[in-house]
Amino acid sequence: MKIISSIEELRDQLSGQLRTAFVPTMGNLHEGHLSLMRLARKHGDPVVASIFVNRLQFGPNEDFEKYPRTFQADVEKLEKEGVYVLFAPTEKDLYPEVQEFCVRPPADLGNTLEGEFRPGFFTGVTTVVLKLFSCVQPKVAVFGKKDYQQLMMVRNMARQFALPTQIIAAETYRAEDGLALSSRNMYLSAAERAEAPALYQSLNAVAEEVRGGHLDVFELEHVAMAKLAARGWQPDYISIRKRIDLQPPSAGDLAQGEPLVVLAAAKLGNTRLIDNLEI
């Protein structure tokens, strides 16, 4: 596996490659990330991964400085997966000057759910993804469904900018007890880790109610958040949305069986976890 930090060297290395499959990450790789590499291989060749902790998507009180960085262990995992190139730029490589041009997501998608609780987050995400796509020029790129809103944001951006990159969605990779794998799980204490699957259990409970014909969305959301709070969580949202655009469903949508997804974000101790479940 070649480890490359400069954009120019990366472009030289990938020159002439027409089927590159790309998996962007922020490192601290776990089995969920590695499953993305395997899915990428099914859709293209060679497989290129990136590791870059993107300052633009962290708010002023978020965990940019303490975000886990495990570069050597990540390299070993990617080598075992047969990744061809690891693009690991420094901030100076990717942002040699202040990034004054940024992608501004539409308000109806960018300012709801995660966008409401993390202002500017999706501007940072879409800007770095567009720049990484420019560097790698992939035929396909793989993103996990765990970050459901991010996946939709990237997919819509690629379509509206007519980017020559197909966005592939990967199913959420879970531990045996249902907890979605995340780099931030390492922040959990032993007691918190034992409690953490309750978030996914809450999503399943809401989904079962909807499938059973309970269509009072506000009540379902309110009860689910109250139950989590009673267990010691600090929920930001548990929200039932339409899969197509992540907008709240109308009574007509619910009556007609519009495909839905329930999304959640909540803090357990000092660790903020997100998850979702399609209904």
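**A buried asparagine, and beyond**

Modeller: Asn28 is buried, with a relative accessible area of 11%; buried means under 20% relative accessible area, exposed over 50% and partly exposed in between, with a 1.4 Å probe and protein chains only. This is a predicted model, in which local features need pLDDT of at least 70, side-chain atom pairs count only at pLDDT 80 or more, and totals for chains, interfaces and linings use all residues. Residues are numbered from 1 along each chain as its sequence is written, and side-chain values use heavy atoms, with hydrogens and water left out.

Biologist: Where is the place of Asn28?

Modeller: Asn28 is in the loop between strand E2 (21–25) and helix H2 (31–43). Helices (H or I, at least four residues) and strands (E, at least two) are DSSP runs, numbered from the N terminus.

Biologist: And what does Asn28 touch?

Modeller: Leaving out residues up to four places away in sequence, Asn28 touches His33, Pro68, Thr70, Asp74, Ser183 and Met186, where contact means heavy atoms within 4.5 Å.

Biologist: Let us change topic to helix H1. Which residues of H1 are buried?

Modeller: In H1 (residues 7–14), the buried residues are Ile7, Leu10 and Leu14. Seen down the axis of H1, they fall within an arc of 60°, so they line one face of the helix; the arc is that of the directions from the helix axis to the C-beta atoms.

Biologist: Why would residues three or four places apart point the same way?

Modeller: An α-helix has 3.6 residues a turn, so residues three or four places apart point the same way.

Biologist: Which exposed residues are on the face turned away?

Modeller: Glu8 and Asp12 are the exposed residues on the face of H1 turned away from its buried side.

Biologist: What covers the buried residues of H1?

Modeller: The cover includes strands E1 (2–4), E3 (47–51) and E4 (85–87), together with helices H4 (91–94) and H7 (121–136).

Biologist: What about Phe122, buried or exposed?

Modeller: Phe122, which lies in helix H7, counts as buried at 3% relative accessibility. Among the residues that Phe122 touches are Pro105, Gly110 and Met153.

Biologist: Last topic: where do charges sit over rings?

Modeller: The charged end of Lys66 sits over the ring of Tyr187, 5.2 Å from its centre. Arg69 lies over the face of Phe64, at 5.0 Å from the ring centre. The criterion is NZ of Lys or CZ of Arg within 6 Å of the ring centre and within 35 degrees of the ring normal.
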